[in-house]
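Let's learn to read a two-chain model together, one feature at a time. Please have the sequence and the coordinates open as we go.

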Amino acid sequence: MRLGLVIDLDVCVGCHACAIACKEWNASGTTGPLSDYQPYGAEPSGVWFNRIRHYEMDTYPNNKTVNFPMSCNHCEDAECVTVCPTGASYKRAEDGIVLVDQDKCMGCNYCSWACPYGARELDRSSGTMKKCTLCVDRIYDMELPVEERQPSCVLTCPAHARMFGDFDDPDSAVSRTVRERGGFGLMPELNYNPTNQYLPPRSKPVIPVEAHPRGGLKESIKQFANKLVRR
Amino acid sequence: MHPAFSVIFFTVASGAGFGLFSLLFIADVFKLGGGFEREQLIIGGLMAMALVVFGLLSSTFHLANPKNAWRAFSRFRTSWLSREGVFAVLFMPLALVYLASIWFDAPLWLRETSGFLTAVLAWITVFSTGMIYACLKTIRQWNTPLVPANYLALGYASGSLLLLLGAVVSGLDTTPYIAMSALILSIAAVLKAIYYFWISSPGLGPTINTATGLTRAKVKLLDTGHTHGTFLTQEFGFQIARQKAGLLKIVVFVLGFALPGLMLVWVFNQQGGQAAAIVAVVTGIVGAAVERWLFFAEARHVVNLYHGAQRC
């Protein structure tokens, strides 16, 4: 199995609900808590597994806003695991999920240096590195109904911009969608082979922005009459 | 990259310590300038080991959870950070065997074999320190073989200046020590110049387009999505103005190479005596520290692409 996410950049509305749901679930999950620093102060900051950035593609009038959620890509060639000196970072053979053993981490930050996607964040209160677990404490929970055995971010997305599944299975919904929509991984030139795939924004016709043409005599009389009417 | 002072102190101090120990062995084998006395070799060796130990201790100060630091020796098969720790710790007993064989007048083969192995291990350890940075594909300014070469050259340059001070204090013939220092300093200066030249052009690295996969058109950041800073901006957001970096490069070459070089001439001409050798050591090590600070300050991690950088 190679579990991961598909994120549809065409559909994402940038509401940050996935990040909030992630924080809520994982604050009490296996690597919780996710500490906040000055949550109500002047400089609010804290640990998040999922962050959404917003970009603009191309220039006016062809510009398009692209909302861009990012979490751990659970790479096939995860350098963060290779460089870890303590063995705290590991990649599970059975499903490819990359995790950090909180009891072994010494907080040297080296794995975060090796990660090009900014997926790892140090929790200052525990002194350990934390990252997306793909909700490993949820997707295998037999107590939950089958349809809820998915990561929190996927379940909560109101636009259905996120999918979860097994990329090793060529007939899974995620594999099919990636094939049909031309999904891609981020920064392929670094050869980390990220598992998560992004679906590109669709090309849409440009909406004309020229001023409306002036009407004829009939249109002018209509406008004049409209101005006379007291509403 | 955020320059952490504990790491800067660690790499400069341990580099100088490993350099001093290896060159002390060479000075002992070839009896350079008449050769050091037994006690002088012991004091020099212990000083080198003290530099290494202080460096290693200081490196644990940047850990957020140092109680697990002992686990860092476990992944030497894959991690350069782990290898560095293992080699640095292996160095200690071997160095002690060498010093003991000097102290107890052990047979020459034991003295020279243990000294040689210690020198090789010191070389491997400094190489590993450089590889910690050089193996990262995420930082263009670090991902080059010039990085371990620079670490070795600068460590040995600092070590050779310390050894020269020892030779001056011990009243040996300083000529071979001056020659050794001058040679290592020039190699280090040339390597550093090549490094600065190399990182000045961006090359074919990741861009904001490959980072977002939106390769069809120009991409620019609208919003980072966070109110204040995050771990990522604190750790990777550090940026140095181009002018300031240029100025610091001049400082590196003046303090790290030119002034120590001038002091070598003074020592050679019997001017200044011990003071000149001390100035050479101090400026050389301060220059190396500035170099190390700049090494971190100039490094741009690719995660900055997600925060709006067009390329790194």
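This is a predicted model: local features need pLDDT of at least 70, side-chain atom pairs count only at pLDDT 80 or more; totals for chains, interfaces and linings use all residues.

Q: At what angle do helix α5 and helix α6 of chain B pack?
A: Helices are DSSP runs of H or I with at least four residues, strands are runs of E with at least two, and both are numbered from the N terminus. Axes are lines fitted to C-alpha atoms, for helices over the stretch in contact, with angles from 0 to 180 degrees between N-to-C directions. Here α5 (residues 146-169) and α6 (residues 175-199) of chain B pack at about 155 degrees, their axes 9 Å apart. Angles over 145 degrees count as roughly antiparallel, and α5(B) and α6(B) are therefore roughly antiparallel to each other.

Q: How does α6(B) pack with helix α9 of chain B?
A: The angle between α6(B) and α9 (residues 242-268) of chain B is about 165 degrees, and the axes are 10 Å apart. That makes this pair roughly antiparallel as well.

Q: How many residues of chain B are in contact with chain A?
A: Two residues are in contact if their C-beta atoms, placed from the backbone, lie within 7 Å. By that rule, 45 residues of chain B touch 47 residues of chain A. On the chain B side, β1(B) gives the most, with 5 residues.

Q: Which strand of chain A is joined to β1(B)?
A: Two strands pair if DSSP finds at least two bridges between them. Strand β4 (residues 51-57) of chain A runs antiparallel to β1(B), and 4 bridges join them. Within this pairing, H54(A) stands opposite D223(B).

Q: Is G87(A) buried, exposed or partly exposed?
A: A residue is buried with 20 or more other C-beta atoms within 10 Å of its own, exposed with 12 or fewer, and partly exposed in between. G87(A) has 17 C-beta neighbours inside 10 Å, so G87(A) counts as partly exposed. This glycine sits in the loop between α2 (79-83) and β6 (89-91) of chain A. Leaving aside neighbours within four places in sequence, G87(A) is in contact with K104(A), R71(B), S74(B) and R75(B).

How values were computed: Residues are numbered from 1 along each chain as its sequence is written. Chains are lettered from A and ligands numbered from 1 in the order in which they are written. Angles under 35 degrees count as roughly parallel, over 145 as roughly antiparallel, 65 to 115 as roughly perpendicular and the rest as oblique.
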